[in-house]
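Here are my notes on this model, written as I went through it. Have it open while you read.

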Amino acid sequence: MAGVKSGPTRIVIVGGGYVGMYTALRLQSKLRGREASVTVIDPQPHMTYQPFLPEAAAGSIEPRHVVVPLRRTLRRCHVVTGRVTRIEHARKAVTVENQDGVVEEIEYDQLVVSPGSVARTLPIPGLPEEGIAFRTVGEAIYLRNHVLSRLDQAASTQDPEVRRKLLTFVVIGGGFAGIEALAELEDMARYAVRYYPSIKQSEVQWVLVEAANRVMPEVSPKMGVYTVRRLEERGIRCYLETRVESMVGGHVVLSDGTEFDADTIVWTAGVKANPMLRDTDLPLDERGRVRCTAALQVEGTSDVWSAGDCSAVPDLSKAETDPNATCSPSAQHAVRQARQLADNLIASLRGKPTRQYKHAHVGSVAGLGLYKGVADVYGIKLKGFPAWFMHRTYHMSRMPTFNRKVRIVIDWTLALLLRREVISMGQIQDPKAEFARATAK
Ligand SMILES: Cc1cc2nc3c(=O)[nH]c(=O)nc-3n(C[C@H](O)[C@H](O)[C@H](O)COP(=O)(O)OP(=O)(O)OC[C@H]3O[C@@H](n4cnc5c(N)ncnc54)[C@H](O)[C@@H]3O)c2cc1C
């Protein structure tokens, strides 16, 4: 009979990142045999453990080891590699486009919306051409090769202007991602310079630009001040309460009138909910996030769930002081919400009551390069080596799968025993160039 569906409940998960992968993992372990089928859709065949991207960029961890293959991890789920371009909840269908442009529709009974966030950009002249974000493993690999190749280029030119530009690296945005990326890449470049006798350490300029009057709002103001002091001691120029006004052709103009040329501009100035959500009939808030209840159900629906960076989930831990507060975009919330979401989804399938998500942010840890860090967890503040050690052990404990944990520990051990690897694999950025030259002759 038309309209009547038999067989297991079809659960579709949009996005296989923190929320999507952890939700799917829990569903596959808790669902009974033919209770439901789970389909995970993501343009990438892997989940990315973003807190390890700075270490991957610095070469302390092999980039492949900071991603978790979805097909191997989600054995009882169906994984679709494609980008969801539309959700029509009225018809209970998502539109998926794969890399070759083939478009398909997938129908669902229960939907989990978890496509995360994208870089929040501003209309700054030159930003689309000159800037690069720091959110994906591809960007981490690119930046590692790019920074090292700038040293190679600078060592091979006599022109002082070109050299200065090649050796100037800018990071815009002093949140967690920006500070960690800056600190790790600077640490790597500082080490690498010893193999370039023609480059003086003082010639390599790292610049941080932050619009607010402090960095890393996730830690206490005192720890933010400590972080800036440590970076400045390393020779990094930190511009706080300063905005970038233009970067056309790599010529950077700051709001305080400072101007300089830079060949590397990393944009880490915040995130916004995935814009794909605008092509859905789901309720969004003023920041484009999916409106959710504390039970992680999308408002006004009984069969759509959401969590993580793309969602506005009430922060019940702040309900007494700020009833409108929503959970911040962090891995800490994403992982815990995923667990609650999966439990609530199963409870609703079985006609049982759901539970509300409540978690107070416990603080943050950040690595600032090898043996350097800052931590503010449960009110305990640590600096330097203990914070760095805590950063590594915490993230190691959180890294999904035993396989990845072992590989990362081996990477760290090798980095401890052998010298840091500082080769630029520049060819990766343009692998066909050599062959194109050969075929042109
Ligand atoms: C460099 C860096 C360091 C960080 N460090 C920390 C840290 O130390 N501590 C912390 O708490 N948080 C940290 N974060 C933030 C944390 O990683 C995010 O809050 C977390 O990843 C959010 O989880 P999510 O599932 O909502 O999104 P994600 O993990 O980003 O997953 C979203 C998934 O959706 C997929 N997707 C996107 N568009 C589509 C589409 N149209 N269709 C289908 N799938 C789609 C993406 O490919 C991705 O796999 C860091 C972030 C970065 C970038």
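**Notes on the ligand site and salt bridges**

1. An oxygen atom of the ligand sits 3.5 Å from a polar backbone atom of Pro115. Another pairing puts a ligand oxygen 2.9 Å from a polar backbone atom of Val19, and a polar side-chain atom of Asn274 lies 2.9 Å from a ligand nitrogen. The protein buries 89% of the 990 Å² that the ligand exposes when taken alone (Shrake-Rupley method, 1.4 Å probe).

2. Before going on, the ground rules: this is a predicted model, where local features need pLDDT of at least 70, side-chain atom pairs count only at pLDDT 80 or more, and totals for chains, interfaces and linings use all residues. Residues are numbered from 1 along each chain as its sequence is written, and side-chain values use heavy atoms, with hydrogens and water left out.

3. The shell around the ligand holds 28 residues (a heavy atom within 4 Å). Of its elements, α9 gives the most, with three residues.

4. Glu35 has two salt-bridge partners to check (Lys or Arg side-chain nitrogen within 4 Å of an Asp or Glu carboxyl oxygen): Arg350 at 2.7 Å and Arg32 at 3.8 Å. Glu35 counts as buried because its relative accessibility is 18%, while Arg350 is partly exposed at 29% (buried is under 20%, exposed over 50%, partly exposed in between; 1.4 Å probe, protein chains only).

5. Lys92 and Asp303 also form a salt bridge, with N and O 2.6 Å apart. They are 211 residues apart in the chain. Asp303 is buried at 11%; Lys92 is partly exposed at 26%.

Notes:
Polar contact = N/O pair within 3.5 Å; in protein donor to acceptor, adjacent residues only side chain to side chain. Helix = DSSP H or I, 4+ residues; strand = E, 2+ residues; numbered from the N terminus.
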